[in-house]
Amino acid sequence: SALFALDRLIRGVIGLITLYSAGNDFPWRVTDQMRNFGVALAVMFVAANIPPQVLMRLSVPIYLVGVGLLVATEVAGITVKGATRWLDIGVGRIQPSEIMKLGLPMMLAWYFHKREGGLRSYDFVIAAVIVLVPVALIIKQPDLGTSLLVLAAGTYVIFFAGLPWKWLATMIVAGIAALPLAWTLMHDYQRERILTLIDPSTDPLGKGFHTLQAMIAIGSGGVFGKGWMQGTQTHLEFIPERTSDFIFAVYSEEFGLVGNVVLLLLFGALIWRALAIALNAPTQFARLLAAAIGLIVFTYAFVNMGMVSGILPVVGVPLPLVSYGGTALLSMLAGFGILM
């Protein structure tokens with residue numbers, strides 16, 4: 001637990017240092033993030049002291065509350081830049097989809113724990129319905145990036161619960177076959193992101209600007225980086241969304257390859273520890289939930305770094321403990337508290 005906490009502390013400090021540089025023109029975001037860290041650490045401490053048996057009893061209510069908040073967001077949510085993803089709760093805004101990143105794995109882990117020793121084919125069908133309800137609500141916001149992360153979180157639990165390989169292969173084939181249909185259902189901006197991934201240089205001042213500027217920043221960092229607060233792409237404001245989705249480009253420019261290796265090692269240590277906890281967990285519920293949390297961290301980090309590096313389409317996925325954001329930080333540290 002001490003090493004686990006040290007890993008998070010170091011990455012939290014790295015996040016604040018990078019955010020301070022990235023948000024030089026938005027100093028209030030640093031103080032906001034420090035406040036967010038304080039609240040999230042308190043939530044983590046509380047979660048770490050809740051017995052697994054109590055967590056299991058809370059799984060269904062948390063899932064139902066999360067789905068209810070997603071419905072409320074659809075009805076009375078706040079629309080920003082064409083997306084209705086936030087809900088005003090009086091004291092501030094929350095993003096209900098973030099709750100489902102933990103609520104959904106908890107619900108599935110509870111369900112498979114109850115069915116342990118007597119799993120039938122229809123149990124996986126019921127699990128798929130449990131996954132698809134929140135995923136469909138999140139897609140409708142629209143928020144393709146978060147919906148894919150929630151879908152991945154649910155899929156991890158179903159896989160570790162014992163999903164037959166032939167079912168998995170069938171799902172993969174069906175997914176590939178459905179790609180043409182998925183393309184027709186996508187919003188125009190989502191199609192443009194995929195086309196931009198293939199060749200961002202076709203629109204360097206428009207749709208490809210984000211990716212190209214991020215790649216320039218990463219490459220210009222070299223081995224040792226330009227130094228803290230010395231990133232030219234960052235401080236000349238070429239990197240868009242540099243305090244949130246594209247903060248990895250800021251970090252890479254200022255700390256270089258060496259800094260990236262350190263960050264990857266920290267993420268790797270955290271994921272390895274989560275999977276070790278899952279391997280030694282005494283119950284099916286704890287095993288499935290711990291494995292899902294570890295792989296959620298992997299998915300977050302991989303997707304964020306991949307989109308900034310130009311190997312994945314641009315989606316709204318934060319870098320854990322580094323990107324600015326309160327609700328995402330809260331859900332992530334709550335997951336770490338459960339692991340502890």
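Select Gln-213 and show its neighbours: leaving aside residues up to four places away in sequence, Gln-213 touches Gln-233, Phe-238 and Ile-239. Touching here is a contact, meaning heavy atoms within 4.5 Å. Gln-213 sits in helix 10, residues 209-220. Helices (H or I, at least four residues) and strands (E, at least two) are DSSP runs, numbered from the N terminus. Is Gln-213 buried or exposed? With a relative accessibility of 11%, Gln-213 counts as buried. The cut-offs are under 20% relative accessible area for buried, over 50% for exposed, and partly exposed in between, with a 1.4 Å probe and protein chains only.

A quick word on what you have loaded. This is a predicted model, where local features need pLDDT of at least 70 and side-chain atom pairs count only at pLDDT 80 or more, while totals for chains, interfaces and linings use all residues. Residues are numbered from 1 along each chain as its sequence is written, and side-chain values use heavy atoms, with hydrogens and water left out.

**Zoom out**

Switch to cartoon for the whole protein chain, and you have 14 helices and 3 strands to click through. The C-alpha trace spans about 60 × 50 × 40 Å along its principal axes. The radius of gyration is 20 Å, which agrees with the value near 20 Å that a compact globule of 340 residues would have. That radius is taken over C-alpha atoms, and the globule rule is 2.2 Å times the number of residues to the power 0.38.

Now turn on contacts. Among those between residues at least 6 apart in sequence, 71% join residues at least 24 apart. Of the 340 residues, 46% count as buried.

Next, put on a surface. The accessible surface comes to about 16200 Å², and 71% of it belongs to carbon and sulfur atoms. Those areas come from the Shrake-Rupley method with a 1.4 Å probe; for residues, only the protein chains shown count as cover.

Colour by charge while you're here. The 21 positive and 18 negative charges have mean positions 10 Å apart. Lys and Arg count as positive and Asp and Glu as negative, with His and the chain ends not counted. Each charge is placed at NZ of Lys, CZ of Arg, CG of Asp or CD of Glu.

The 3 strands make an open sheet in the order 1-2-3, with antiparallel pairing. Strand 1 (78-80) and strand 3 (93-94) are the edge strands, each pairing on one side only. Two strands pair if DSSP finds at least two bridges between them.

Start with strand 1, which runs antiparallel to strand 2 and is joined to strand 2 by 3 bridges. Pick Thr-79 and look across: the bridge partner of Thr-79 is Thr-84 in strand 2.

Which residue takes a positive phi in the hairpin of strand 1 and strand 2? Click Lys-81: its phi is near 55 degrees, in a hairpin with 2 residues between the strands. Lys-81 counts as exposed, at 76% relative accessibility. For a distance check, draw a line from Lys-81 to Gly-38: the two are 29 Å apart, C-alpha to C-alpha, and 43 residues apart in sequence.

Carry on along strand 2 (residues 83-88), which 2 bridges join to the antiparallel strand 3. Leu-87 stands opposite Ile-94 in strand 3. Between strand 2 and strand 3, the loop holds Gly-90, which counts as exposed at 68% relative accessibility.

**Two last stops**

Jump to helix 2 (residues 27-48) and select Thr-31. Thr-31 counts as partly exposed, at 48% relative accessibility. From its C-alpha to that of Leu-16, 15 residues away along the chain, the separation is 9.5 Å.

Finish at Leu-321, in the loop between helix 13 (284-309) and helix 14 (326-339). What is the phi of Leu-321? Leu-321 has a positive value near 65 degrees, in a residue other than glycine. Most residues other than glycine have a negative phi. Leu-321 counts as buried, with 5% relative accessibility.
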